[in-house]
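Colleague: I would like a close look at a single part of this structure. Please take me through it step by step.

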Amino acid sequence: MPVTISVIKADVGGLVGHTNMHPDLIDAAGEFLDAAVEAGTLHDHTVMAVGDDLELILTHGHGEESPDIHRLAWDCFVQCAEVADKLGLYGVGQDLREKTFAGNVTGLGPGSAEIELEDRASEPLLVFMADKTDAGCWNLPLFKMFGDPFNTPGLVIDPKMNKGYSYEVLDLHLDRVADIRLPEELYDLLALIGSVEHYGIRRVRRNTDNAVAACTSASKVFQLKGKSVGKDDPVMIVRAQSGYPSVGELTEPFAHPHMVAGWMRGSHWGPLMPVPFHQTGMNRFDGPPKVVCAGFQVTAGKLHGPVDIFDDPAFDGARREAIEIADYLRKMGPFEPHRFSEGGMEYTSMPHVLQKLEGRFRPASNPVAVEAK
Ligand code: F6R
Ligand code: MG
Ligand code: MG
């Protein structure tokens, strides 16, 4: 029987603003999902937190995009939001933007990534979870993992890998996808996914058999009640070993922090810092953007793990580099390119400022600055 792994996440309330998670929410989600395991709906689950996001890692036999599993996750988030409400946490129900569930969490606020795993003798996989950034943050690491032989020597020296991988590239604005095949279409892929705010990667497939190697929570950016949803604080599942990149080839892209969108007020660029599970607090300038990596062996639906992959001094250099980049950027204050350009900002006072100054603009050819009184 094929097993599906679903990672479904939402921010239902933060402990001290948008920075951390209250342990009672993790307990509430755990109890809710334990009952679903007992009822036979789930095989297994792990509940985690990154910054102010609650992450449900579920295994089951219902396949991808199952309304039953999405409803279960939705009901779990609603119950946790009630706990958050009682505790008076901040931003209660932030990612539960609709009152009623409509078949799939996508577009309602939560994010999800899912892979139906065909039988393998052993199933090692990694779940990456990030806060204070958006789906485009996976573009560069996914390129390196599955497309860059300087990162992944298996592409060159493992006969099970050297037919390459194809990327399902999602146009985040128009909700359309294109499959781009590597290595043949390397430059076309880079032309698209270098635009991290326009294109995300939804899936990566192995060319030899079309098996899904990676899936992210990238989805069209929906506008709900004046806010864009479905792009924030993304997750990604990646399969490892035996014809997929090794665990080390999957973690290597995070040895250098690349720049991602979404820091402070969803309006700033910052370095993506790999951190252990106990260091995901968004305590400096509501960040910096952080990523954790949970390693699992999935055996007959059971999740063995999580292994805290970035809890390793080998990533200390990346953390130091991220702090240096953060220090450098913060000196720029409200100036681009630390701050987004006007169009992409989640918060902006620009219309208000322009309205206030409307009568103050004069033709540039008029040299008189202030009328003499
Ligand atoms: C960014 C984020 C925070 C908030 C900021 C303002 O994703 O969650 O940086 O945008 O703390 O929050 P409000 O508007 O709730 O005061
Ligand atoms: Mg929040
Ligand atoms: Mg968040």
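This is a predicted model: local features need pLDDT of at least 70, side-chain atom pairs count only at pLDDT 80 or more; totals for chains, interfaces and linings use all residues.

How many disulfides does a search of the whole structure find?

Modeller: A search of the whole structure finds 0 disulfides. Take Cys76. The closest cysteine sulfur to its own is in Cys80, 4.4 Å away. A disulfide needs the two sulfur atoms within 2.5 Å, so the sulfur of Cys76 is too far from that of Cys80 for a bond. Cys76 is also buried, with a relative accessible area of 0%. Cys215 is in no disulfide either. The nearest cysteine sulfur to it belongs to Cys137, 14 Å away. Cys215 counts as buried too, at 0% relative accessibility.

Now the metal site. Start with the magnesium ion called ligand 2. Its protein donors are Asp11 through OD, His18 through ND1, Asp52 through OD and Gln94 through OE1. Along the sequence, the donor residues follow the spacing D-x6-H-x33-D-x41-Q. Asp52 and Gln94 link distant parts of the chain, 42 residues apart. Asp52 sits in the loop between strand E2 (44–50) and strand E3 (53–60). Gln94 sits in the loop between helix H2 (67–87) and strand E4 (111–117). Their exposure can be compared with the cut-off in hand: buried means under 20% relative accessible area. Asp52, at 2%, is therefore buried. Gln94, at 23%, is partly exposed.

The ions called ligand 2 and ligand 3 are 4.8 Å apart. Asp52 coordinates both of them.

Last, look at ligand 1. The residues around it are His18, Tyr90, Lys132, Met264, Arg265, Gly266, Asp286 and Tyr347. By type, this shell divides into 3 nonpolar, 2 polar and 3 charged residues. A polar side-chain atom of His18 lies 2.9 Å from an oxygen atom of ligand 1. Tyr90 has a side-chain N or O atom 2.7 Å from an oxygen atom of ligand 1. For Asp286, the distance from a side-chain N or O atom to an oxygen atom of ligand 1 is 2.6 Å. On its own, ligand 1 has 410 Å² of accessible area, and the protein covers 75% of that.

Key:
Residues are numbered from 1 along each chain as its sequence is written. Chains are lettered from A and ligands numbered from 1 in the order in which they are written. Side-chain values use heavy atoms; hydrogens and water are left out. Donors are N, O and S atoms within 2.8 Å of the metal (3.2 Å for Na, K and Ca); water is not among the atoms, so sites may look incomplete. Helices (H or I, at least four residues) and strands (E, at least two) are DSSP runs, numbered from the N terminus. Buried means under 20% relative accessible area, exposed over 50%, partly exposed in between (1.4 Å probe, protein chains only). A residue is near a molecule or strand if one of its heavy atoms lies within 4 Å of it. A polar contact is a pair of N or O atoms within 3.5 Å; within protein, one must be able to donate a hydrogen and the other to accept it, and residues adjacent in sequence count only if both atoms are side-chain atoms. Accessible areas come from the Shrake-Rupley method with a 1.4 Å probe; for residues, only the protein chains shown count as cover. Ala, Val, Leu, Ile, Met, Phe, Trp, Tyr, Cys and Pro count as nonpolar, Asp, Glu, Lys and Arg as charged, and the others, Gly among them, as polar.
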